[in-house]
Amino acid sequence: MSTRHHGIGDSRLMGPVSGLLWLTAGIAAAVCQLLPGMPGGHPRVAWALIALVVVYGAACVRCWIPWERYTIHHHAAAVTLFQPLIALALWVSGGADSYLGPILVLPTLYVAYFFPPRLAWPLAVVEIATYFTPVLYSDDVQRHMLLGRTVMYAAAYGGLVATIQYLKGHLVAAEQRQRRMAHEDPLTRLPNRRAFDLALDDAIAGDRPFSLLLVDVDRFKGINDTFGHTIGDQVLRDIATRTRTSIRSSDTLARIGGDELAVVAPGASGDGASRLAIALHDAVAGLHPVPGAPPVTLTISCASYPHDGADRDALLRAADHRLHAVKDARGPLAAPLAPGVAALHLA
């Protein structure tokens with residue numbers, strides 16, 4: 001069984017894990033059925049249930065049932081719908097004396113790990129109620145024992161859910177921190193080169209037109225040499241703060257080098273890429289390293305998929321060649337650009 005959840009990769013794990021748990025329960029029940037003196041007077045029904053569970057578990061493990069396509073609410077409904085099957089299994093294996101009691105820890109662990117609290121606790125109530133169903137056909141002595149067992153089962157269930165939810169919350173938070181550190185530039189808080197590469201690969205894999213923009217901070221070495229690296233770092237942070245508001249939510253603006261930024265802009269080409277480049281330049285208009293210093297300007301080039309290249313290397317080469325062509329044409333001693341003018345090469 002599978003669905004989307006806040007833990008990374010859970011949607012792919014839920015089906016196989018569910019299948020393994022069902023297989024474990026089915027095989028253990030088969031072994032118990034063969035032991036002498038086991039309670040239960042409905043062997044044909046018991047073996048039919050065992051066969052069903054084993055086949056279903058194998059189907060989940062082999063991913064023949066595509067649970068990963070369904071939402072968490074679909075899976076919660078499936079867990080609920082399986083409860084009559086579990087209640088029937090308790091009945092055919094001895095009711096209040098059923099040997100299946102200990103194996104019910106498996107769905108407890110499964111629900112506690114894969115489901116968020118808003119669903120895990122209601123499902124806990126449902127499964128505890130299922131455990132208590134033999135009270136419907138037990139005698140007074142068995143009811144008394146079953147009540148005590150149910151209270152202990154409920155306490156164990158609640159403790160497991162609370163503990164696993166607490167521990168998983170910390171694991172998910174740690175995973176998110178690690179992911180952010182792996183894909184975020186620590187200076188500018190923009191996506192880093194790794195995140196840019198992933199975004200570019202995803203855009204190419206989508207096989208739809210998009211634009212790649214390379215952004216170079218003009219005379220950045222001079223800023224560092226004249227005012228120091230502390231001012232240079234602040235300039236980069238200010239550029240990141242200003243330019244990130246100029247892109248769309250679908251775009252990826254990343255720092256890919258010392259003073260180099262890049263944008264992957266899905267669906268943007270031609271005029272759209274030109275407007276985006278001008279917006280990036282305008283975003284830094286009026287930014288000065290220190291009062292009285294020349295303003296910060298950007299040189300921006302663009303390459304479009306698939307016109308300028310059908311793979312990442314071709315696109316990067318095209319954009320890089322155009323970037324250097326613009327900078328070479330201007331020359332190293334060219335005056336700073338006037339406000340509102342972008343140094344662009346889009347064709």
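## Finding the spaces

On a 1 Å grid over the protein atoms alone, a cavity is a set of points where a 1.4 Å probe fits but cannot get out, while a pocket is an open set with protein on both sides within 12 Å along at least five of seven lines; lining residues have an atom within 4 Å of a point. Grid points are joined across faces, edges and corners, and a volume is the space filled by probe spheres set on the points.

The model is predicted, so local features need pLDDT of at least 70 and side-chain atom pairs count only at pLDDT 80 or more, whereas totals for chains, interfaces and linings use all residues. Residues are numbered from 1 along each chain as its sequence is written, and side-chain values use heavy atoms, leaving out hydrogens and water.

## The largest pocket

The largest pocket holds about 180 Å³ of space. Its lining has 13 residues, and D218, R219, I223, P294 and P295 lie nearest the centre. Eight of the lining residues are nonpolar, three polar and two charged. Here Ala, Val, Leu, Ile, Met, Phe, Trp, Tyr, Cys and Pro count as nonpolar, Asp, Glu, Lys and Arg as charged, and the others, Gly among them, as polar.

## Two cavities

How many cavities of 30 Å³ or more are there? The count comes to two. The largest cavity has about 480 Å³ of space, and 29 residues line it, with W22, A25, V53, I86 and L104 nearest its centre. Helix α1 supplies the largest share of this lining, seven residues. Helices (H or I, at least four residues) are DSSP runs, numbered from the N terminus. By class, the lining of the largest cavity has 23 nonpolar, five polar and one charged.

The second largest cavity has about 40 Å³ of space. Among its lining residues are Q83, I86, L104 and Y153. Helix α6 gives the most to this lining, with three residues.

## Two helices side by side

The axes of α3 (residues 72-81) and α6 (residues 117-131) come within 10 Å and cross at roughly 10 degrees. That makes α3 roughly parallel to α6 (angles under 35 degrees count as roughly parallel). Axes are lines fitted to C-alpha atoms, for helices over the stretch in contact, and angles run from 0 to 180 degrees between N-to-C directions. In α3, I72, H73, A76, V79 and T80 meet R118, L119, L123, V126 and E127 in α6, where contact means heavy atoms within 4.5 Å.

Terms used. Parallel < 35°, antiparallel > 145°, perpendicular 65-115°, else oblique.
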